[in-house]
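Here are my notes on the model, in the order I'd go through them with it open on screen. Have a look at it first, then read on.

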Amino acid sequence: MIPTLAAIRFGTGLSPDLPSPTGANALLSRLGGADEMRAAFPIESWTARAIAIRDHGRLRRARRDSDAANEAYRVADRALNDGYHHDLRQTLSRAAMTRDGMRERLHWFWAGHFAVTEGRGALRRNVGSYHDEAIRPYLTGDFATLLTSAVTHPAMVSYLDQNKSMGPNSPRGRRGGGLNENLAREVLELHTLGVGADYTQTDVRELAELLTGLDFDKAGQARFTPNMAEPGAETVLGRSYGGDRPNRHDITAVLRDLAVHPATARYLSGKLAAHFVADVPPGDLVEAMAATWLATKGNLMAVYGAMLEHPAAWVPELRKVRRPLDMMAAALRATGAGSALPDQTTRQIRKRVTEPLTAMGQPWLRPAGPDGWPEEAEAWITPQALAARLEWTMGLAGLLNPVPDPRAFVVQALGPLAGPRTVFAAEAAEDRIAGIALVLSSPEFQRR
Amino acid sequence: MPDDLSRRRMLSLLGCSAAAFPLATPMAFAALPSDNRLVVVILRGAMDGMDALQPYGDPDLERMRPGFDIGPGAGALDLTGFHALHPAMAPLLPLWRDGHLGFAQAVSTPYRGNRSHFDAQDVLEAGTAGDVPPLAGRDGWLNRLLPLMPGAQGRTAFAVGRDEMLILRGPAAHSSWAPDARLDMAPATADLLLHIYQDDALFRETATAALGLARATGNTEGRGTDALFAFAAAQLRQDARIAALSLGGWDSHRGQARQVTRGLTALSEGVLRLKADLGPEWDRTMIVAVTEFGRTAFQNGTQGTDHGTGGTMILAGGALKGGQVWGDWPGLAEAQLLDRRDLMPTRDVRAYLAWALHGLFGTDRSALASVVFPGLDLGPDPGVLA
């Protein structure tokens, strides 16, 4: 049972071709090794996309000049849209093929924690690159490094309006710019301390002043713009940062302190445990993780280790519902259909994967706000979202060629978790496609 | 929705579908307490109430928002000599003249503090006295209303659309559906599905509801936001008495003009869709559009506004005694603002909601102040109903 739980609760699911991790040590050892899947299924760099976005804007403005200009714009537009669906294809391919599924799950978790929503300008079709470059390389180091990387990345700076925020007494501010508290508020409320923590509107304001200067250029590259930065020291949670000349190191310093604050340790340990183990995680599990967080100054590998060492991580009861992306990846992995992903056209990816994800309530790279995706099972299993899951599993089963025998598939897909009702349904289904779809729709598969 | 479920389950065991059994359709259920209808629209992201309904008669407004278009001189439509309607809501002007549109100004929930969208929406939907409800086990005020409505059943209240609606979450039976959802499943497969879900209450009840809704609802016309209102209207013409839905996109930190125009246009079209589709039921319908908090009285440095406190509630419908603006105006002078930045709320938004429920559904005032909106002081009746 332990390898099965390791594969489904902390990885991307069971596979007929790849062995399940034997337990906590195997999961951590893979996580400590090389990131094989990012190399095997690459995503275009933020810089390349940012340049493509800039060119796309130029071509759009010029598209009425001539038929050739219009065609050039259409080609550029299609390429950007293809990239968005391509990122999903690569994401699912990684999850379907990996021996290191916890890395994919942590990538998704932290991408949701530092949520940015697909949008206009720098965020057009470029959020996948932000995840890959600003988050994925830092999943296993200190939280401070991950935090600084995500919060100062142009994607976050753009999403939460930081590049529009000017210190009231900065040169640009004195010429008519003003402060925008959006990023500062979310750093405290969502990214570090948590909303219930002991901070005030004054802390938000001071942090907003300290963050001024975070900016990016027209090519989408991060930069610090001293002209926008509020001069003088700022006091956040009773500690003073900065002074004579504003610079990015003052921002790093406050983020380093926030990363190891006891409220951050508690809030993020609870969030990790709620994501991986149970919507309402056992208190002692969260306490053990938070203690490790404080003792190791936010070393994420150590915190994951504390979670995996705790008995609560291995109870057989499946208390979590797989999110749509997680469920899709697991289904593609369990059926072997994931190996066909690279051959799918953009249109097929859109119809078969991107649009169904939206219908299931998890539109690709578009969480509703900076608080990311909901955690509770009830938020995901609603009539319309469950209907979309059921439609999709039936569609996937119909695409399999050959369609496997459901009686064998129920064992392959669920292992020791297969319950008697699902085994019965796999045998009693009116045809093979219905049998496969029922196995994939079962609580044992939809939960983890 | 246990009642509905067990009935469907029984019919399924008898080999009947609900459609083939007209006596068991929901129309045959016990008489409902009221023919009145309520539509609650949650404006997510914090609508700038002072842009939707511009108190241009307050001389401070133009001073605080020099970059905004304000008042009749800038294209807004004068309503009271003090208030002007944002031009994006011009299609609703006839409703104002008929008394089918009104506003409550300077309202807020009891939420104060960190001005978080998410916490403030939770408080708005939970209907609590300002404490952020705990994540697990929280329920919404519409859900707590349902047991107080005699004859209420699973189809009485509908959450429409794909957004999570805490406002209806809770133990009382209710329905939720997105108009663009569908589910084609062979009957035998559907029976097996319910068999494998038998021991998992969440999946069992949700799947039963989904299968029922997929059968019962045909294709609804319209797309996007329009489809939400059209679907709500279709349900309200049948058994539903309450519909709740979300309109997002109000968080106008920069370039507010375009964002607010888009939001108010969608809301206006939605109201007109309800009016058109509800037909004769329009006169028994009240629409309330509420948001988690207002926005700063001053414009910010990016032609937008930041998170504030006091805001505006929009009311519409044939059941409304509209054509008026309710509530005291607190003023915009520095000493009159909350924290020297936000419009000072002069009344709890829940008081208007409670009086609306009292008028529409006859809900007892003491139950409103204890069960539906714990700790609420209802205060005098503002007279929102015709």
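How many residue pairs are in polar contact between chain A and chain B, with both at pLDDT 80 or more?

1. Polar contacts. The count between the two chains is 11 residue pairs, both partners at pLDDT 80 or more. A polar contact here is a pair of N or O atoms within 3.5 Å; within protein, one must be able to donate a hydrogen and the other to accept it, and residues adjacent in sequence count only if both atoms are side-chain atoms.

2. Ground rules. This is a predicted model, where local features need pLDDT of at least 70, side-chain atom pairs count only at pLDDT 80 or more, and totals for chains, interfaces and linings use all residues. Residues are numbered from 1 along each chain as its sequence is written, chains are lettered from A and ligands numbered from 1 in the order in which they are written, and side-chain values use heavy atoms, with hydrogens and water left out.

3. Interface size. Chain A puts 52 residues in contact with 47 residues of chain B (contact means heavy atoms within 4.5 Å). About 4100 Å² is buried between them, and carbon and sulfur atoms give 58% of that. Buried area is the accessible area (1.4 Å probe) that two parts lose on being put together, summed over both. Pro383(A), Gln384(A) and Arg421(A) supply 17% of what chain A buries against chain B, more than any other three residues.

4. Salt bridges across the interface. The rule finds five between chain A and chain B, a salt bridge being a side-chain nitrogen of Lys or Arg within 4 Å of a carboxyl oxygen of Asp or Glu. Asp161(A) pairs this way with Arg254(B), with the closest N and O atoms 2.8 Å apart.

5. Who supplies the surface. Several helices of chain A each give at least two residues to the side that touches chain B, including H11 (182–191), H18 and H22 (420–428). Helices (H or I, at least four residues) are DSSP runs, as are strands (E, at least two), numbered from the N terminus. The largest share, seven residues, comes from H20(A). By type, that side of chain A divides into 24 nonpolar, 14 polar and 14 charged residues. For the record, Ala, Val, Leu, Ile, Met, Phe, Trp, Tyr, Cys and Pro count as nonpolar, Asp, Glu, Lys and Arg as charged, and the others, Gly among them, as polar.

6. Over all chains the salt-bridge count comes to 47. Asp326(A) and Arg105(A) meet in a salt bridge at 3.9 Å, N to O. Asp326(A) lies in H17 and Arg105(A) in H6, so this pair ties together parts that are 221 residues apart in sequence.

7. Helix packing. H5 (residues 67–97) and H18 (residues 346–359) of chain A pack at about 70°, their axes 10 Å apart. Axes are lines fitted to C-alpha atoms, for helices over the stretch in contact, and angles run from 0 to 180 degrees between N-to-C directions. H5(A) and H18(A) are therefore roughly perpendicular (under 35 degrees is roughly parallel, over 145 roughly antiparallel, 65 to 115 roughly perpendicular, the rest oblique). The residues of this contact are six nonpolar, three polar and three charged.

8. Backbone spots to check. Most residues other than glycine have a negative phi, and most peptide bonds are trans. The bond from Asn401(A) to Pro402(A) is cis, with omega near 0°, and Pro402(A) sits in the loop between H20 and H21 of chain A. Leu365(A), not a glycine, has a positive phi of about 60°; its place is the loop between H18 and H19 of chain A.

9. One more loop. Gly177(A) is found between H10 and H11 of chain A. Not counting residues up to four places away in sequence, Gly177(A) touches Met166(A), Arg172(A) and Gly301(B).
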